[in-house]
Each structure stands twice: as C-alpha cells, then as structure tokens.
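I am opening a notebook page for this structure and will write down what I looked up, entry by entry.

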Amino acid sequence: MSSFERYLSVWVALAMVAGLILGNIAPGIVGFVAGAEFASVNLVVAVLIWAMVYPMMVGVDLSSIKDVAKAPRGLIITLVVNWLIKPFTMAFLAVLFFETIFAPWIAPEDAQQYIAGLILLGAAPCTAMVFVWSNLTRGDPNYTLVQVTVNDLIMVIAFAPIVAFLLGVTDITVPWETLLLSVVLYIVLPLIAGMITRARLGDVAAIDAFKARVSPFSAMALTVTVVILFALQAETIVSRPSAILLIAVPIIIQSYSIFAVAYAAAWAAKVPHRIAAPCAMIGTSNFFELAVAVAISLFGLGSGAALATVVGVLVEVPVMLSLVAFANRTRARFPA
C-alpha cells in the first residue's frame with residue numbers, strides 16, 4: 001500500500017473541506033461540472049468512478065467466475081441483507097427519527113419528505129463504489145463482480161415494488177436510463193477494459209505489477225470525486241447544516257448496523273474474508289445516482305426527499321472508509 005493510500009482517510013477529510021471551499025468561492029466552475037450530466041448521471045463523476053473501478057476489473061478472471069457457485073454463502077448473505085433487511089430497517093429508522101425523535105425540530109411535511117428520501121436510499125444497494133471498497137479490502141474481484149451483477153439484476157425487478165410498498169404509492173417511475181447507463185459505465189465498460197488489459201499483460205506477475213502501479217491513481221480519483229460531490233452540495237450544506245446533520249443520523253446508524261449484520265453473518269458462516277468484506281460492503285453502500293434521480297422525478301429537485309438522498313452521498317465515503325479500516329483490521333478472524 002502506497003503512503004497516499006495509507007493516509008486515504010486524511011486526504012478524503014481534506015477533500016471534503018476543499019469541496020466546500022470550492023463550491024462557495026467558485027460557483028461557476030461547480031455549475032459547469034454539474035451541467036455535465038446525462039440521465040441524472042454526472043459524467044465527470046462517472047469518469048472518476050470508472051478510474052476507481054478499472055484497477056479491480058483488471059483482476060477479474062472470467063474463467064474463474066464459474067467457481068463462485070462453489071461458495072454460495074457470501075452471495076446468499078448479500079441478497080438477504082440487501083433485499084429482505086436493508087430497505088425495511090431504513091424505513092423503520094426514518095420513521096422513528098423523523099416522526100418521533102426529531103419531531104419537535106422538524107415540520108411534519110419536511111419529515112415526510114426526508115422519510116421518502118431515506119426509503120429510496122435503502123432500496124438502492126451499491127453498484128459502482130463497492131468495487132472500490134472491495135479493492136481496498138483486498139476482496140475477490142471475481143466474486144465481487146458476480147455479487148454486484150446479481151444484485152443489479154434483482155434491482156431491475158425489485159426496486160420499484162419495494163419503494164412503492166414502503167412509500168405507499170404505486171406510480172413509481174424508475175429512471176431506466178439512469179439504471180442502465182450506470183451499469184454500462186461502472187460495470188460493462190471497465191470490465192471490457194480490464195479484460196483487454198489482462199490479455200495484453202499476459203501472465204499473473206505482470207497483471208499484479210500493473211495493478212500495483214495503477215492502484216494509487218484509483219485512490220486519487222476517489223479524493224477528487226469527494227471534492228466534486230461536496231462542491232456540488234456546498235451551498236446546501238452551508239445553508240441547511242442542521243437538516244444535513246439530522247438526516248445523517250439515521251443513515252449512519254443504518255450503515256453501521258447493516259455492515260454489522262452482514263459481516264457477522266459472513267463470520268458465522270465461515271466465509272473467507274476476501275468474500276465477506278465485499279459482501280458486507282454492498283449492502284452498506286448505496287446506489288446514490290438511482291436514489292437521487294427517483295427522488296427528483298417523484299418529489300422535485302428542491303424537495304426534502306432529494307436532499308435526503310444527497311446527504312446519503314455525503315455520508316457514504318467517510319463511513320465506508322471507516323468500515324474498510326475495520327474490515328482490514330479484522331481480516332485474521334476470517335478463514336483465509
């Protein structure tokens with residue numbers, strides 16, 4: 001691990017501050033970046049996420065994917081946590097905090113908006129960033145690819161019905177362009193690039209050496225992404241800090257709780273760490289592009305629901321980095 005990667009949490013913290021400063025002193029630049037968007041996917045952020053995902057895709061050996069069927073426990077835990085636990089616990093926490101605990105400080109109409117946004121986050125498990133977290137925990141790239149792919153296939157079918165049930169509405173319009181574009185940008189294209197790179201490099205030693213060289217650039221892309229995300233939301237963070245903090249509370253509790261459930265289940269099932277870590281990361285992280293797009297289409301750009309999904313983006317990186325550190329410290333407690 002390079003010195004840059006070793007102190008990644010420090011760089012991310014500095015990137016948050018830099019993003020807030022940039023968003024307030026150079027709104028023109030931020031507006032230009034924000035305008036580079038297609039189907040609710042910011043193309044600048046997409047390129048950076050692609051740079052983060054690509055190094056792990058180089059490690060994917062398609063001929064070994066068939067072996068995933070020999071170790072189904074990690075995949076089963078991922079799917080149970082993502083689709084039978086996470087959406088419903090997020091809804092429970094949202095209602096608990098915004099209709100009871102935070103009720104004295106939040107108007108009822110705002111509370112309902114925040115609850116809706118959190119439900120959208122809870123029903124959208126991660127697609128792209130999990131490759132980054134898996135890479136930082138030395139996860140199995142082949143198994144992670146299968147986990148994410150199966151998860152995305154289920155999301156196509158299950159996202160709208162779950163959201164409709166939890167929100168109590170039936171006219172959920174899933175932005176298929178966002179969903180499909182994200183899958184292509186964050187999975188298909190990096191995977192193709194990784195396959196081409198593997199073919200050109202040839203042997204395992206050359207592949208490992210290449211991954212070691214490009215890995216620091218992946219971490220750098222992560223910090224630049226954080227700068228952009230915080231710059232894009234700088235005005236909101238500064239103008240509504242109390243709302244941001246209140247929305248962050250149930251998201252943080254949900255994130256650590258979901259990770260604990262999945263990670264403990266993987267440990268109890270004696271799942272190897274290279275599978276257990278990504279297994280827990282997928283449910284903990286969120287497919288924020290989808291959640292934000294649906295929130296905007298259902299409730300509007302300036303809605304509390306859209307704000308709640310954006311807070312999910314801001315909270316995710318520092319929370320996930322802390323869980324990456326924890327997963328790396330507890331590696332020895334899992335089978336090799």
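Is Val188 buried, partly exposed or exposed? I looked up its relative accessible area, which is 36%, so Val188 is partly exposed (buried means under 20% relative accessible area, exposed over 50%, and partly exposed in between, with a 1.4 Å probe and protein chains only). I then placed Val188 in helix H9, residues 176-201 (helices are DSSP runs of H or I with at least four residues, numbered from the N terminus).

Before going on, I note that this is a predicted model, in which local features need pLDDT of at least 70 and side-chain atom pairs count only at pLDDT 80 or more, while totals for chains, interfaces and linings use all residues. Residues are numbered from 1 along each chain as its sequence is written, and side-chain values use heavy atoms, with hydrogens and water left out.

Next I turned to the aromatic rings and found ten aromatic pairs in the structure (rings of Phe, Tyr and Trp, the last by its six-membered ring, pair if their centres lie within 6.5 Å; planes under 30 degrees apart count as stacked, over 60 as edge-to-face and the rest as tilted). One of them joins Tyr54 and Phe210, whose ring centres are 6.3 Å apart with planes at 85°, so I recorded the pair as edge-to-face. This pair links distant parts of the chain, since Tyr54 lies in helix H4 (residues 43-58) and Phe210 in helix H10 (residues 204-232), 156 residues apart. I noted Tyr54 as buried at 15% relative accessibility, and Phe210 as buried at 15%.

My last entry concerns Phe97 and Phe102, whose ring centres are 5.2 Å apart with planes at 45°, so that pair is tilted. Both Phe97 and Phe102 are buried.

Note on methods:
Helices (H or I, at least four residues) and strands (E, at least two) are DSSP runs, numbered from the N terminus.
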